[in-house]
Amino acid sequence: MPGTKLVIASVMALVSLTSARAAEDLSSFGEPVVTNESVHADEQSSGPANKIWPRHVCAEIQRVEKIVSLNARPTDRGMTRIGLLMLEERHCGIDVGKKIAADQAVLGDEQRKARRDYEENIAAAQRAASQPPEPIIVQVPQATQTPGLPDPPPTVNCFTNRLGGGMSTTTCR
């Protein structure tokens, strides 16, 4: 099948052109990264070295982290900025230990408060379950009869039978 070989050859040519474009100069996207010299020797041997990012990138990360911190509730702050703090620590060389410790302290306080509220609710539910239930009293209004009225007449049932020709008969009991 000569057509199949032609298709395969054209696909291979497109792949090689795409690979050449992917290898173009990427310097327009920013300064090249520099390896961090303060990485421990055991970390250098076990995985890729941490890279220090350019200052303007680190400044932008810090700016976004401040915005996120200002707009978040204290209990949500730790979850919303943890990724940014990790970037600051790993790629900008900034010590964020105090910020993470403060976020963890707030979360710990909220967790203790939630646990205390839960235990109080469980204790209240157990107290309520141990008490005998109070009876439910329903008051139904009673019909009052006036003494001077006679008893109502008995119910009368009437049945109508069609006789045909527009005629019918009715029987009541």
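Which residues in α4 meet which residues in α5? From α4 come Pro74, Thr75, Arg77, Gly78, Arg81, Ile82, Leu85, Met86 and Glu88, and they meet Lys99, Ile100, Asp103, Val106, Leu107 and Glu110 in α5. Sorted by class, this contact has seven nonpolar, two polar and six charged residues.

Before going further, please keep in mind that this is a predicted model.

**The chain as a whole**

The chain has five helices and four strands. Read from the N terminus on, its elements run α-β-α-β-α-α-α-β-β. Of the 173 residues in the chain, 12% are buried. The accessible surface comes to about 15000 Å², and carbon and sulfur atoms hold 59% of it. Among contacts in the chain with a separation of 6 or more, 27% are between residues 24 or more positions apart.

**Two helix pairs**

Two packed helices are described by the angle between their axes and the distance between the axes.

| Helix pair | Angle between axes | Distance between axes |
|---|---|---|
| α3 (residues 55–71) and α4 | about 165 degrees | 10 Å |
| α4 (residues 74–92) and α5 (residues 97–130) | roughly 155 degrees | within 9 Å |

How do the directions of these helices compare? An angle over 145 degrees counts as roughly antiparallel, so α3 and α4 are roughly antiparallel to each other. The helices α4 and α5 are therefore roughly antiparallel to each other too. As for handedness, α3 passes α4 in a left-handed crossing, and α4 passes α5 in a left-handed crossing as well.

Let's turn to the contact of α3 with α4. On the α3 side are Cys58, Ile61, Gln62, Val64, Glu65, Val68 and Ser69. They meet Arg77, Thr80, Arg81, Leu84, Leu85, Leu87, Glu88, His91 and Cys92 in α4. By class, eight nonpolar, four polar and four charged residues take part in this contact.

**A closer look at Glu65**

Is Glu65 buried or exposed? This residue, placed in helix α3, has a relative accessible area of 2%. Buried means under 20%, so Glu65 is buried. Leaving out residues up to four places away in sequence, Glu65 touches Arg81, Leu84, Leu85, Glu88 and Lys99. Arg81, Leu85 and Glu88 are also among the α4 residues that meet α5, and Lys99 is one of the α5 residues in that contact.

How values were computed: Residues numbered from 1 in each chain as written. Predicted model: local features only at pLDDT ≥ 70, side-chain atom pairs only at ≥ 80, totals over all residues. Heavy atoms only, no water. Axes fitted to C-alpha atoms, helices over the stretch in contact; angles between N-to-C directions. Parallel < 35°, antiparallel > 145°, perpendicular 65-115°, else oblique. Left-handed = near helix turned anticlockwise from the far one by under 90°. Contact = heavy atoms within 4.5 Å. Nonpolar A, V, L, I, M, F, W, Y, C, P; charged D, E, K, R; others polar. Buried < 20%, exposed > 50% of the residue type's maximum accessible area, 1.4 Å probe, protein only. Areas by Shrake-Rupley, 256 points an atom, 1.4 Å probe, with all protein chains shown as cover.
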